Amino acid sequence: MKFHIETWGCQMNDHDSEKLSGMLVREGHEAVGSVAEADLVLLNTCSIREKAVHKVHSQLGRLRELKAQRPLLIGVAGCLAQQEQEALFKQAPHVDFVLGTMALQQLPRLLEEAKAGRRVMDTAEYPDNHLFPPEVTQRRSTAKALVTIMEGCDHACTYCVVPTTRGPERSRPVADILDEVKLMVEQGFREVELLGQNVNSYAGGCSFAELIERVSEVDGLEWIRFTTSHPMNFTRELGRTLATNPKVAPFLHLPIQSGSNSVLKRMLRGYTVEEYLERLGYLGEARERFAISTDFIVGFPGETDEDFEGTMAVLEQVRFDASFSFIYSPRPGTPALRLSDDIPAQVKAQRLARLQKRQTELTLASHEKAVGKILEVRVESLTVTEQGHWLARTGRWENVHLTVGAGRTLPFGSLVRARITGAGPHFLRGELA
Ligand code: SAH
Ligand code: SF4
Ligand code: F3S
């Protein structure tokens with residue numbers, strides 16, 4: 001069959017799609033670039049906010065029209081599949097199969113059944129889901145290899161669906177992770193990103209800090225990244241490793257969510273603003289080199305003007321290099337539903353706009369500091385928008401639009417030296433040094 005996978009959501013979903021794609025290729029199916037060419041469309045969905053769910057449903061609507069015209073198999077995987085389960089068949093009767101987040105390796109079986117005309121679902125929790133064979137995975141990036149180190153989340157943030165959609169924490173054994181990283185280096189990757197909903201609580205035989213040290217011993221590997229870190233499990237040991245291990249790329253995404261202790265408490269985040277700041281301090285002098293990014297939720301139930309000023313104050317204090325901010329979205333099955341979603345939509349929107357405006361200024365100021373420097377950057381791809389401009393990333397995860405002499409090509413994934421010549425809020429400009 002010709003298949004097309006559409007992916008929403010976070011890096012875990014991106015990587016799951018690489019695994020799903022790998023299994024389909026192994027079974028002899030062929031990946032195609034669009035829905036129009038496909039006999040099988042697999043939607044790998046996200047349900048973190050209501051908007052993410054809307055996007056899936058509108059795509060399902062378009063697929064229904066297509067399926068009325070020609071044969072088409074439709075599968076739904078990912079967090080919405082795990083959350084809705086058989087309800088999805090009621091909402092969208094044209095869906096042929098539903099695959100849960102903890103049952104990835106059941107895809108070939110579900111597909112066989114669906115091809116035979118049976119409507120099937122598997123949303124069980126398979127204990128070996130996180131032990132997916134790495135050689136099967138079809139990686140989309142040539143610059144950075146995603147490597148699962150743990151799945152699931154044992155936290156219980158009151159607004160969040162992830163503990164339900166991804167299940168409890170399961171860590172991959174250290175040896176498996178090291179084998180995969182070595183395989184990636186053999187295949188030509190020089191950078192890995194260690195993935196988990198909460199990498200800091202890694203427990204596959206050593207601490208997360210130790211795991212980074214072990215991974216860094218793999219010859220030929222240049223940069224290590226990881227996502228996502230939870231402030232509650234951010235230890236002094238981890239801070240020291242990040243600060244001192246030369247292979248750790250100087251970028252830390254550490255979601256704070258709010259700058260108000262009473263909001264953090266209602267979110268059940270397990271730290272105060274002061275504790276968050278203390279943990280950032282574990283980076284010591286390396287703090288200056290590191291780009292720090294975060295996530296914010298605005299308009300959480302009961303968030304007062306004063307609470308929100310706390311968020312603006314912490315933004316100013318940390319001067320985050322980047323942040324992702326969202327309006328609180330009430331999610332099915334989460335404890336925060338018991339709190340009344342009492343902030344008027346207009347107030348939420350104003351708060352979000354103010355936060356994002358200030359963040360844009362801070363990001364620009366952060367980028368401007370790079371102008372005039374010569375930095376090592378990793379070549380990722382050609383930009384679509386501008387011919388002859390290459391897209392690269394600094395260790396701090398900044399986008400660089402790189403001008404390379406006419407007719408020259410750069411191998412994807414290679415590190416080159418770039419002179420930074422300009423900065424905007426979304427990217428740096430540079431030329432080959
Ligand atoms: N495991 C990560 C977060 C993963 S979800 C962590 O705890 O740091 C990514 C981000 O989505 C969160 O950091 C949060 O800012 C946002 N988010 C999660 N649930 C949300 C909701 N119900 N409404 C709005 N934003 C939400
Ligand atoms: Fe969700 Fe909290 Fe787990 Fe992050 S730590 S995935 S926000 S429950
Ligand atoms: Fe979305 Fe699931 Fe990731 S809800 S953000 S795809 S873990």
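This is a predicted model: local features need pLDDT of at least 70, side-chain atom pairs count only at pLDDT 80 or more; totals for chains, interfaces and linings use all residues.
Modeller: Residues are numbered from 1 along each chain as its sequence is written, chains are lettered from A and ligands numbered from 1 in the order in which they are written, and side-chain values use heavy atoms, with hydrogens and water left out.

Colleague: Why does the radius of gyration of the protein agree with a compact globule?

Modeller: The rule is 2.2 Å times the number of residues to the power 0.38, taken over C-alpha atoms. For 433 residues it gives a value near 22 Å, and the protein has 22 Å, so the two agree. The C-alpha trace spans about 60 × 60 × 45 Å along its principal axes.

Colleague: Why is Val56 called buried?

Modeller: Buried means under 20% relative accessible area; exposed means over 50%, and partly exposed is in between (1.4 Å probe, protein chains only). Val56 has 0% relative accessibility, so it counts as buried. Across the protein, buried residues make up 55% of the 433.

Colleague: Where is Val56 found, and what is it in contact with?

Modeller: Val56 is in helix 2, residues 50–69. Helices here are DSSP runs of H or I with at least four residues, strands are E runs of at least two, and both are numbered from the N terminus. The protein has 13 helices and 19 strands. Contact means heavy atoms within 4.5 Å. Setting aside neighbours within four places in sequence, Val56 is in contact with Trp8, Leu43, Thr45, Cys46 and Leu80.

Colleague: Which residues are around ligand 3?

Modeller: They are Gly9, Cys10, Asn13, Cys46, Ser47, Ile48, Cys79, Val162, Arg166 and Gln197. A residue is near a molecule if one of its heavy atoms lies within 4 Å of it. Cys46 is one of the residues of this shell, and Cys46 is also in contact with Val56.

Colleague: How does the shell around ligand 3 divide?

Modeller: Five residues are nonpolar, four polar and one charged. Ala, Val, Leu, Ile, Met, Phe, Trp, Tyr, Cys and Pro count as nonpolar, Asp, Glu, Lys and Arg as charged, and the others, Gly among them, as polar.

Colleague: Which domains supply at least three residues each to that shell?

Modeller: Domain 1 (2–122) and domain 2 (134–366) do. The bounds come from an automatic or database domain assignment, which also gives domain 3 (374–432).
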